[in-house]
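Here is a colleague's note for someone meeting this structure now. The points follow one another from single helices to sheets, then to the chain contact and a few backbone details.

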Amino acid sequence: MIEVNDIYFSYDDYQVLNGISFKVKTGEVLAVVGSNGSGKTTLLKHLNGILKPKRGSVKVFGMDTGSVKISELSRRVGLVMQNSDHQLFASSVTDEISFALRNFGFSKIEIDSHVREVLDEFGLYEFRNRPPLSLSGGEKKRLCIATVMAWQPEIVMLDEPTVGQDAVNKKNLRKIINRLSQDGKTVIISTHDLEFLWPINPRTIVISHGKVLTDGSLRSISLNGTVFASANLIAPQLAALASGIGLNEPPADEAQAVEMIKQWQKA
Amino acid sequence: MFINPFKKIKHSKLDVVEVKNLTFYYSGSSRPALENVNFGLAGGSVLLLVGVSGCGKTTLLRSIVGLVPKFYAGKYEGSVLLNGKNINEMDMPEISQYVGYLFQNPDNQLFSYTVERDLAFGLENLGVEKSEAIKRIDEIIQLLSLDGIRKKPIYELSDGQKQVVALAGILVLRPKLLVLDEPTSLLDPRTALSIINIVKMLKDKFGISAIIVEHRLELALEISDYIMVMAGGSVKMFDSTRQALRNRLQDYGVAVPPVISVQRELMCDPLELTVKDFVGRLHAR
């Protein structure tokens with residue numbers, strides 16, 4: 001569905017992507033992780049055609065992003081921005097959700113039904129007449145995801161979705177990601193919040209200085225003791241715990257960690 | 001050569017900040033943002049303030065730096081005392097030399113062209129003499145190792161560097177208390193930790209107290225003496241860090257770091273605050 005072939009990109013003299021390649025299958029949940037400034041957001045912007053590579057190519061649904069119109073791609077690849085305030089501007093929650101639908105040429109009946117659907121699905125119905133910027137941080141984030149989901153893109157990209165979110169909102173976000181995945185959507189998450197990703201255990205690409213360091217399920221790549229440090233990240237606590245006592249397999253959650261430690265102590 | 005920019009603060013017996021029966025309604029709101037909040041923080045300690053979004057953390061911080069009620073109007077009852085003095089009897093210049101407020105997003109706090117100019121801004125506003133201002137800026141630049149970016153334009157800095165510069169802009173005013181509102185939420189964990197470690201260094205070396213809001217508890221536990229939990233505008237818990245971690249923080253929407261949950265299940269006592277220390281303890285057995 002997505003094919004990234006050896007892409008390079010720079011903002012003027014500042015080289016950001018340095019030869020990145022990977023493929024994403026339909027329905028996959030992919031995490032792109034790296035420290036601030038590693039190139040995550042720049043990479044995401046290549047997948048919906050906002051940015052074009054200086055070298056190499058990006059193909060989405062078999063179309064080269066260099067030759068396809070952004071409007072055509074953005075209908076099928078939705079991007080939820082890191083900062084909700086950069087995305088929200090309408091005077092009410094309902095207007096915010098219907099804005100893109102009107103631009104994409106949906107009929108009045110379709111707009112009403114899609115808006116109602118996402119208002120219910122994302123728990124926003126009670127806020128439908130409120131100005132978006134009056135919502136709390138967690139509510140704004142849900143609204144941003146809802147506005148994108150309203151036009152039902154096949155690929156959903158979430159750029160740093162956990163920034164500024166409390167534990168309750170993060171739990172909700174995990175549920176949303178799981179639901180999108182169950183609905184067959186392809187989900188791409190850029191983040192440095194590895195603790196957030198741990199329970200999801202997605203396929204994870206670690207990037208540093210615009211290059212891919214490793215690619216695999218989060219738990220499997222965490223067995224490599226140095227990969228997170230090389231990307232200037234901190235290993236998730238359960239991974240660090242497992243490697244600290246020499247376990248071959250990191251625990252999926254706290255309960256499993258407790259059992260594994262008990263076994264280790266007996267041995 | 002290391003220049004000691006502050007003498008180690010000699011704290012009086014009075015709390016560095018004491019909040020008494022504080023209730024606050026923002027204008028036009030029928031729901032209290034703060035409801036009968038009471039707590040005191042002893043000089044030289046760090047308080048980790050936690051709770052879900054909208055629980056009143058930011059309003060409380062604004063009250064401690066005087067923005068509530070001086071800039072955010074509303075119905076205000078109770079009092080905030082800084083070293084025993086009521087904040088309503090202090091003007092903003094006096095408050096800003098006692099308590100420094102670091103925002104979540106440094107772009108909201110930095111507005112001069114270069115790092116050096118930004119550090120001078122607060123001092124100029126307070127009318128500090130030029131020679132004294134230069135001395136203080138030199139000290140802080142040395143303390144936080146900002147020499148390499150001293151002349152740089154702000155827009156060329158990384159997010160982490162910007163946050164350190166914003167903190168430096170507060171430290172030149174020589175506060176006794178720092179109030180940090182999610183200072184690391186835009187930063188990756190390693191950069192976040194470097195900010196947290198600066199707060200620790202300021203506490204250890206100079207006795208500067210801090211109140212810090214941080215959702216990623218695992219980053220801040222090691223430097224925190226106390227944890228205070230808020231919900232619905234009121235204080236639900238105030239305890240020493242290790243004691244607080246034994247309570248059901250999840251009931252207030254606060255995620256306990258995995259290494260703490262694991263130790264609680266294994267009945268470990270005392271709790272180790274980091275994975276490294278816990279692993280060390282496991283091996284020691």
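1. The expected span of a helix is taken as 1.5 Å times one less than its number of residues. In this predicted model, α7(A) has 16 residues and reaches 23 Å from its first C-alpha to its last, which is close to the 22 Å expected. The buried residues of α7(A) are A:Ala167, A:Asn169, A:Leu173, A:Ile176 and A:Ile177, and they pack against β3 (29-33), α6 and β8 (186-191) of chain A. Just after this helix, A:Gly184 takes a positive phi of about 85°.

2. α6(A) has 14 residues and reaches 20 Å from its first C-alpha to its last, close to the 20 Å expected at 1.5 Å a residue. It is mostly covered, with 13 of its 14 residues buried. Just after α6(A), A:Gln152 takes a positive phi of about 50°.

3. Chain A has an open sheet of four strands in the order β2-β1-β4-β5, with antiparallel pairing. The edge strands are β2 and β5 (63-64) of chain A, each of which pairs on one side only. Helix α1 (residues 40-47) of chain A packs on the sheet, where it touches β1, β2 and β4 of chain A, and its direction makes about 55° with that of β2(A).

4. Within that sheet, strand β1 (residues 2-11) and strand β2 (residues 14-24) of chain A pair in the antiparallel sense over eight bridges, and A:Ser10 has A:Gln15 in β2(A) as its bridge partner. The hairpin of β1(A) and β2(A) has two residues between the strands, and in it A:Asp12 takes a positive phi near 50°. Strand β4 (residues 55-60) of chain A pairs with β5(A), again in the antiparallel sense, over two bridges; here the bridge partner of A:Val60 is A:Met63.

5. Strand β6 (residues 77-80) of chain A is worth a separate look. A:Val77 and A:Leu79 point one way from β6(A), while A:Gly78 and A:Val80 point the other way, and all are buried. Four bridges join β6(A) to strand β7 (residues 155-159) of chain A, and the two run parallel. A:Val80 stands opposite A:Leu158 in β7(A).

6. Chain B has an open sheet of four strands in the order β2-β1-β4-β5, and the pairing is antiparallel. β2 (34-41) and β5 (85-86) of chain B stand at the edges, each with a single partner strand, so one side of each is left without a neighbour in the sheet. Strand β1 (residues 17-26) and strand β4 (residues 74-82) of chain B pair over eight bridges, and B:Glu18 has B:Leu81 in β4(B) as its bridge partner.

7. A pair of helices in chain B can be described as follows. The axes of α4 (residues 115-125) and α6 (residues 159-171) of chain B come within 8 Å and cross at roughly 35°, and the crossing is right-handed. B:Val115, B:Asp118, B:Leu119, B:Phe121 and B:Gly122 in α4(B) meet B:Val165, B:Ala168 and B:Gly169 in α6(B). By class, this contact has five nonpolar, two polar and one charged residues.

8. Which elements of chain A each supply at least two residues of the side that touches chain B? The contact takes 26 residues from chain A and 30 residues from chain B. On the chain A side, α6 (137-150), α7 (167-182), α11 (237-244) and α12 (254-266) each supply at least two residues, and α11(A) gives the most, with five residues. By class, the side of chain A that touches chain B has twelve nonpolar, twelve polar and two charged residues.

9. Most residues other than glycine have a negative phi, and most peptide bonds are trans. Against that background, the peptide bond from B:Val68 to B:Pro69 is cis, with omega near 5°, and B:Pro69 is found in helix α2 (residues 67-70) of chain B. A cis peptide bond also joins B:Asp269 and B:Pro270, with omega about -5°; B:Pro270 lies in the loop between α10 (258-265) and α11 (275-284) of chain B.

10. B:Asn36, in strand β2 of chain B, has a positive phi near 50°, and B:Asn36 is partly exposed, with 14 other C-beta atoms within 10 Å. B:Met267, in the loop between α10 and α11 of chain B, has a positive phi of about 60° although it is not a glycine; B:Met267 is exposed, with 6 other C-beta atoms within 10 Å.

Note on methods:
Residues are numbered from 1 along each chain as its sequence is written. Chains are lettered from A and ligands numbered from 1 in the order in which they are written. This is a predicted model: local features need pLDDT of at least 70, side-chain atom pairs count only at pLDDT 80 or more; totals for chains, interfaces and linings use all residues. Two residues are in contact if their C-beta atoms, placed from the backbone, lie within 7 Å. Ala, Val, Leu, Ile, Met, Phe, Trp, Tyr, Cys and Pro count as nonpolar, Asp, Glu, Lys and Arg as charged, and the others, Gly among them, as polar. Axes are lines fitted to C-alpha atoms, for helices over the stretch in contact, and angles run from 0 to 180 degrees between N-to-C directions. A crossing is left-handed if the near helix is turned anticlockwise from the far one by less than a right angle, and right-handed if clockwise. A residue is buried if 20 or more other C-beta atoms lie within 10 Å of its own, exposed if 12 or fewer, and partly exposed in between; C-beta atoms are placed from the backbone. Two strands pair if DSSP finds at least two bridges between them.
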